[in-house]
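Dear colleague,

I am handing over the structure below, and my notes on it follow. Please read them alongside the coordinates.

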Amino acid sequence: MRVRFWGVRGSLAKPGPTTLRYGGNTPCIQVVMDDGTLNIFDCGTGVHGLGQELMASGKKNMKGNILITHTHWDHIQGFPFFVPLFIPGNEWDIYGPGGMGNQLNTTLSGQMSYSYFPIHLEALGATVRFSNLGEGTFPLGGAKASLRYTNHPSLTLASRLDSGGASLVYIPDHEPHSLHPLDAPPGTIPIHHEDRSHVNFLSGADLLVHDAMYTLEEYPSKLGWGHSPFQKVVDYAIAGEVKRPAFFHHDPMRDDDAMDKLVEEARRYAEGADHVPEIFAA
Ligand SMILES: [Zn+2]
Ligand SMILES: [Zn+2]
């Protein structure tokens, strides 16, 4: 499978000179499977560029799967601007967590009511099917997809795709259940059972795209906001023997130079561990 990042910024799109290298668009990643199946994770502002590229390819009768991890603005704001949704003949299967009352299509059409947007969801020209998902495993576009709820102030699904011996784990928004054990060597297995299950879920991934919005120093003032300090992501990647952890959901306040420093600090932190993952920032 081939993965391309179209949006990596968390919470708020932040275009401009301070984010030129890492990018300012909110979450969207494109995953093309070996058989050509197109899977899209999240529809932040980054999905606009993906839509433009798909349109420019001139391909007719496009098909794909769109998995929305949760419906916070930064993950759905690009949805009405994804042009391939408006083209008759195209077919899109849209998946998202639906358990907590508001079903996915209701939330997305709410974003497209006239107070917010000039065109209604019903006006989409493509054939669009909505499915609500929960935890579990199901076949998705040529892969085995596994889903697990994250710790975030909205029902949010982490995804794992396994196909042809490769694995991708996508966890854009997640806060550790606990930081314990404290002052332990990097990669120490967490104590909280949910954190242990989290490590099991991501273990062995070739590419782990994980929320790394904060530093441990910043984290105490952001408790309960639903995001991770990057050191915990490194711990999980070491403990789970992940090949390549990609920091994701970058803080809009973190400019390119600060991102470089954060990655350097993360690599130093991982030095000397039994398993040293290839850390980078998406
Ligand atoms: Zn987010
Ligand atoms: Zn969120």
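At what angle do helix 5 and helix 6 pack, and how far apart are their axes? Please bear in mind throughout that this is a predicted model. Helix 5, which covers residues 230–239, packs with helix 6, which covers residues 256–270, at an angle of about 40 degrees, and the axes of the two are 10 Å apart. Because angles under 35 degrees would count as roughly parallel and those from 65 to 115 as roughly perpendicular, helix 5 is classed as oblique to helix 6. The crossing of helix 5 with helix 6 is right-handed.

As for the residues that make this contact, helix 5 contributes Phe230, Gln231, Val234, Asp235 and Ile238, which meet Leu262, Glu265, Ala266, Tyr269 and Ala270 of helix 6. Sorted by class, the contact between helix 5 and helix 6 comprises seven nonpolar residues, one polar residue and two charged residues.

I also looked at the cysteines. The structure contains zero disulfides. Cys28 takes part in no disulfide, and the nearest cysteine sulfur to its own, that of Cys43, lies 6.1 Å away; Cys43 is likewise in no disulfide, with the sulfur of Cys28 as its nearest cysteine sulfur at 6.1 Å. For comparison, a disulfide requires a pair of cysteine sulfur atoms within 2.5 Å. Cys28 counts as buried because its relative accessibility is 0%, and Cys43 counts as buried because its relative accessibility is 1%, the cut-off for buried being under 20%.

How values were computed. Residues numbered from 1 in each chain as written. Chains lettered and ligands numbered in written order. Predicted model: local features only at pLDDT ≥ 70, side-chain atom pairs only at ≥ 80, totals over all residues. Heavy atoms only, no water. Buried < 20%, exposed > 50% of the residue type's maximum accessible area, 1.4 Å probe, protein only. Axes fitted to C-alpha atoms, helices over the stretch in contact; angles between N-to-C directions. Helix = DSSP H or I, 4+ residues; strand = E, 2+ residues; numbered from the N terminus. Parallel < 35°, antiparallel > 145°, perpendicular 65-115°, else oblique. Left-handed = near helix turned anticlockwise from the far one by under 90°. Contact = heavy atoms within 4.5 Å. Nonpolar A, V, L, I, M, F, W, Y, C, P; charged D, E, K, R; others polar.
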